[in-house]
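Visitor: I would like to go through a model with you, one question at a time. Please show it first.

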Amino acid sequence: MAIKANDVVALTYRLHTVENGEKVFVEETTAEQPLDFLYGVGMMLPKFEENIADLNVGDKASFELVPEDAYGEKDERAFAQLPVDMFKETGLPPVGEVLPLQDNQGNQFRAVVAEVTPEIVIADLNHPMAGKTLNFDIEILTVRPATEEELSHGHSHGVDGTQGH
(Lines give C-alpha, C1' and ligand atoms only; values in the text may rest on other atoms or scores of the structure.)
Protein backbone atom coordinates (compact mmCIF):
# COMPACT_ATOMS: atom_id res chain seq x y z
CA MET A 1 0.00 0.00 0.00
CA ALA A 2 1.57 3.29 -1.12
CA ILE A 3 1.78 6.12 1.42
CA LYS A 4 -0.88 8.81 1.04
CA ALA A 5 -2.46 11.56 3.13
CA ASN A 6 -4.09 10.43 6.39
CA ASP A 7 -2.17 7.17 6.53
CA VAL A 8 -0.24 6.13 9.62
CA VAL A 9 3.31 5.32 8.60
CA ALA A 10 5.80 3.36 10.69
CA LEU A 11 9.41 3.44 9.57
CA THR A 12 12.93 3.02 10.76
CA TYR A 13 15.49 5.68 10.08
CA ARG A 14 19.16 6.33 10.53
CA LEU A 15 19.94 10.04 10.74
CA HIS A 16 23.29 11.65 10.05
CA THR A 17 24.21 15.28 9.70
CA VAL A 18 26.59 16.18 6.91
CA GLU A 19 29.43 18.32 8.21
CA ASN A 20 32.38 19.29 5.98
CA GLY A 21 31.38 16.53 3.55
CA GLU A 22 31.45 13.86 6.29
CA LYS A 23 28.43 12.04 7.70
CA VAL A 24 28.11 12.32 11.49
CA PHE A 25 25.74 9.85 13.19
CA VAL A 26 22.91 11.46 15.19
CA GLU A 27 20.31 8.78 15.98
CA GLU A 28 18.35 5.84 14.68
CA THR A 29 15.15 3.95 15.33
CA THR A 30 14.63 0.20 15.27
CA ALA A 31 11.92 -2.11 13.96
CA GLU A 32 10.98 -2.78 17.60
CA GLN A 33 10.62 0.95 18.30
CA PRO A 34 9.96 2.65 14.96
CA LEU A 35 8.93 6.20 14.26
CA ASP A 36 5.19 6.29 13.60
CA PHE A 37 3.24 9.35 12.48
CA LEU A 38 0.15 10.54 10.72
CA TYR A 39 1.23 11.37 7.18
CA GLY A 40 0.16 14.58 5.48
CA VAL A 41 -1.02 16.59 8.50
CA GLY A 42 2.11 18.63 9.21
CA MET A 43 3.65 16.37 11.87
CA MET A 44 6.85 15.90 9.87
CA LEU A 45 9.10 18.17 7.85
CA PRO A 46 7.36 18.73 4.48
CA LYS A 47 10.42 17.66 2.45
CA PHE A 48 10.75 14.51 4.58
CA GLU A 49 7.18 13.58 3.66
CA GLU A 50 7.80 14.52 0.04
CA ASN A 51 10.74 12.09 -0.06
CA ILE A 52 8.67 9.17 1.22
CA ALA A 53 5.49 9.91 -0.76
CA ASP A 54 4.19 6.90 -2.68
CA LEU A 55 6.63 4.47 -1.03
CA ASN A 56 5.32 1.04 -0.05
CA VAL A 57 5.93 -1.33 2.84
CA GLY A 58 9.44 -2.75 2.53
CA ASP A 59 10.74 0.14 0.43
CA LYS A 60 14.04 1.71 1.44
CA ALA A 61 15.18 5.20 0.56
CA SER A 62 18.06 7.54 1.27
CA PHE A 63 17.80 11.30 0.95
CA GLU A 64 19.26 14.56 2.19
CA LEU A 65 17.49 17.65 3.42
CA VAL A 66 19.41 20.91 3.17
CA PRO A 67 18.90 23.37 6.06
CA GLU A 68 16.26 25.39 4.18
CA ASP A 69 14.20 22.18 3.81
CA ALA A 70 14.79 21.02 7.38
CA TYR A 71 15.14 23.35 10.39
CA GLY A 72 16.43 26.41 8.57
CA GLU A 73 19.72 28.22 8.85
CA LYS A 74 21.04 29.14 12.27
CA ASP A 75 19.65 32.56 13.26
CA GLU A 76 22.41 34.58 14.89
CA ARG A 77 19.73 36.74 16.57
CA ALA A 78 18.30 33.70 18.38
CA PHE A 79 20.60 33.91 21.37
CA ALA A 80 19.52 34.99 24.85
CA GLN A 81 21.62 36.47 27.61
CA LEU A 82 20.49 34.99 30.89
CA PRO A 83 21.60 36.53 34.19
CA VAL A 84 23.75 34.22 36.30
CA ASP A 85 21.35 34.74 39.29
CA MET A 86 18.94 32.41 37.42
CA PHE A 87 21.32 29.60 38.29
CA LYS A 88 21.85 30.31 42.03
CA GLU A 89 20.13 27.10 43.12
CA THR A 90 21.45 24.77 40.41
CA GLY A 91 24.87 26.23 39.74
CA LEU A 92 26.19 27.57 36.44
CA PRO A 93 25.55 25.16 33.56
CA PRO A 94 28.44 24.01 31.38
CA VAL A 95 28.69 24.93 27.69
CA GLY A 96 26.60 22.46 25.68
CA GLU A 97 24.05 21.75 28.41
CA VAL A 98 20.40 21.82 27.33
CA LEU A 99 18.31 24.22 29.41
CA PRO A 100 14.54 23.85 29.84
CA LEU A 101 13.10 27.37 29.59
CA GLN A 102 9.68 28.99 29.64
CA ASP A 103 8.53 32.28 28.12
CA ASN A 104 6.13 34.82 29.65
CA GLN A 105 3.14 33.03 28.07
CA GLY A 106 4.09 29.70 29.67
CA ASN A 107 5.41 28.11 26.46
CA GLN A 108 8.18 25.64 27.21
CA PHE A 109 11.24 25.30 24.99
CA ARG A 110 14.88 24.32 25.18
CA ALA A 111 18.10 26.18 24.61
CA VAL A 112 21.72 25.09 24.52
CA VAL A 113 24.35 26.88 26.60
CA ALA A 114 26.73 28.53 24.13
CA GLU A 115 28.91 30.52 26.55
CA VAL A 116 29.25 31.21 30.26
CA THR A 117 30.76 34.41 31.68
CA PRO A 118 30.85 35.67 35.28
CA GLU A 119 27.79 37.86 34.54
CA ILE A 120 25.70 36.00 31.96
CA VAL A 121 24.92 32.65 30.41
CA ILE A 122 24.44 32.88 26.64
CA ALA A 123 21.82 30.42 25.41
CA ASP A 124 21.33 29.39 21.78
CA LEU A 125 17.58 29.26 21.07
CA ASN A 126 17.95 27.78 17.59
CA HIS A 127 16.70 24.25 16.94
CA PRO A 128 19.64 21.87 17.54
CA MET A 129 19.52 20.83 13.85
CA ALA A 130 19.36 24.41 12.50
CA GLY A 131 21.99 25.05 9.86
CA LYS A 132 22.62 21.35 9.30
CA THR A 133 22.14 19.15 6.26
CA LEU A 134 20.29 15.99 7.33
CA ASN A 135 20.89 12.61 5.71
CA PHE A 136 18.22 9.95 6.21
CA ASP A 137 18.27 6.22 5.43
CA ILE A 138 14.74 4.92 5.94
CA GLU A 139 12.73 1.72 5.55
CA ILE A 140 8.94 1.67 5.48
CA LEU A 141 7.65 -0.96 7.93
CA THR A 142 3.88 -0.45 7.87
CA VAL A 143 1.30 1.78 6.23
CA ARG A 144 -2.34 1.78 7.26
CA PRO A 145 -5.31 4.11 7.09
CA ALA A 146 -5.63 6.27 10.19
CA THR A 147 -8.54 5.56 12.51
CA GLU A 148 -11.28 8.15 12.95
CA GLU A 149 -9.93 8.86 16.43
CA GLU A 150 -6.40 9.43 15.11
CA LEU A 151 -7.75 11.79 12.45
CA SER A 152 -9.78 13.74 15.01
CA HIS A 153 -6.76 13.95 17.36
CA GLY A 154 -4.37 14.82 14.51
CA HIS A 155 -1.74 12.23 15.40
CA SER A 156 -0.94 8.52 15.35
CA HIS A 157 -1.92 6.23 18.20
CA GLY A 158 0.94 3.86 17.54
CA VAL A 159 1.85 1.35 14.89
CA ASP A 160 -1.42 -0.57 15.35
CA GLY A 161 -3.60 2.39 16.40
CA THR A 162 -4.24 1.15 19.93
CA GLN A 163 -1.81 3.23 22.02
CA GLY A 164 -3.42 5.72 24.36
CA HIS A 165 -2.15 9.12 25.29
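Visitor: Over how many bridges do strand 5 and strand 8 pair?
Guide: This is a predicted model, in which local features need pLDDT of at least 70 and side-chain atom pairs pLDDT 80 or more, while totals for chains, interfaces and linings use all residues. Residues are numbered from 1 along each chain as its sequence is written, and side-chain values use heavy atoms, with hydrogens and water left out. Strands are DSSP runs of E of at least two residues and helices runs of H or I of at least four, numbered from the N terminus; two strands pair if DSSP finds at least two bridges between them. Strand 5 (residues 79-83) and strand 8 (residues 120-124) run antiparallel, and the number of bridges between them is five.

Visitor: Which residue in strand 8 is the bridge partner of Pro83?
Guide: Pro83 belongs to the uncovered face of strand 5, with Phe79 and Gln81. Its bridge partner in strand 8 is Ile120.

Visitor: Which residues make up the covered face of strand 5?
Guide: In a regular strand the side chains alternate between the two faces of the sheet. In strand 5 the uncovered face has Phe79, Gln81 and Pro83, and the covered one has Ala80 and Leu82.

Visitor: Is Asp124, the salt-bridge partner of Lys74, buried or exposed?
Guide: A salt bridge is a side-chain nitrogen of Lys or Arg within 4 Å of a carboxyl oxygen of Asp or Glu, and the closest N and O atoms of Lys74 and Asp124 are 2.6 Å apart. The pair links Lys74, in the loop between strand 4 (60-65) and strand 5, with Asp124 in strand 8, 50 residues apart. Buried means under 20% relative accessible area, exposed over 50%, and partly exposed in between (1.4 Å probe, protein chains only). Lys74, at 37%, is partly exposed, whereas Asp124, at 9%, is buried.

Visitor: How many residues apart in sequence are the parts tied together by Glu28 and Arg14?
Guide: Their side chains form a salt bridge at 2.8 Å, N to O. Because Glu28 lies in strand 2 and Arg14 in strand 1, the parts that the pair ties together are 14 residues apart.

Visitor: What separates Lys47 and Glu50 along helix 1?
Guide: The two side chains meet in a salt bridge of 3.4 Å, N to O. Lys47 is partly exposed at 28% relative accessibility, and Glu50 is exposed at 52%. They are three residues apart in helix 1 (residues 46-52), so what separates them is about one helical turn.

Visitor: How many residues of the lining of the largest pocket are nonpolar?
Guide: On a 1 Å grid over the protein atoms alone, a pocket is an open set of points where a 1.4 Å probe fits, with protein on both sides within 12 Å along at least five of seven lines; lining residues have an atom within 4 Å of a point. The largest pocket is lined by 14 residues, with Tyr13, Leu15, Glu27, Tyr71 and Phe136 nearest its centre. Strand 1 (7-19), strand 2 (22-28) and strand 9 (133-145) each give two or more residues to the lining. One lining residue is polar, one is charged, and the number of nonpolar ones is 12.

Visitor: Where is Asp54, with its positive phi, found?
Guide: Phi of Asp54 is near 70°, although Asp54 is not a glycine. Asp54 is exposed, at 56% relative accessibility. Asp54 is found in the loop between helix 1 and strand 4.

Definitions and conventions
Ala, Val, Leu, Ile, Met, Phe, Trp, Tyr, Cys and Pro count as nonpolar, Asp, Glu, Lys and Arg as charged, and the others, Gly among them, as polar.
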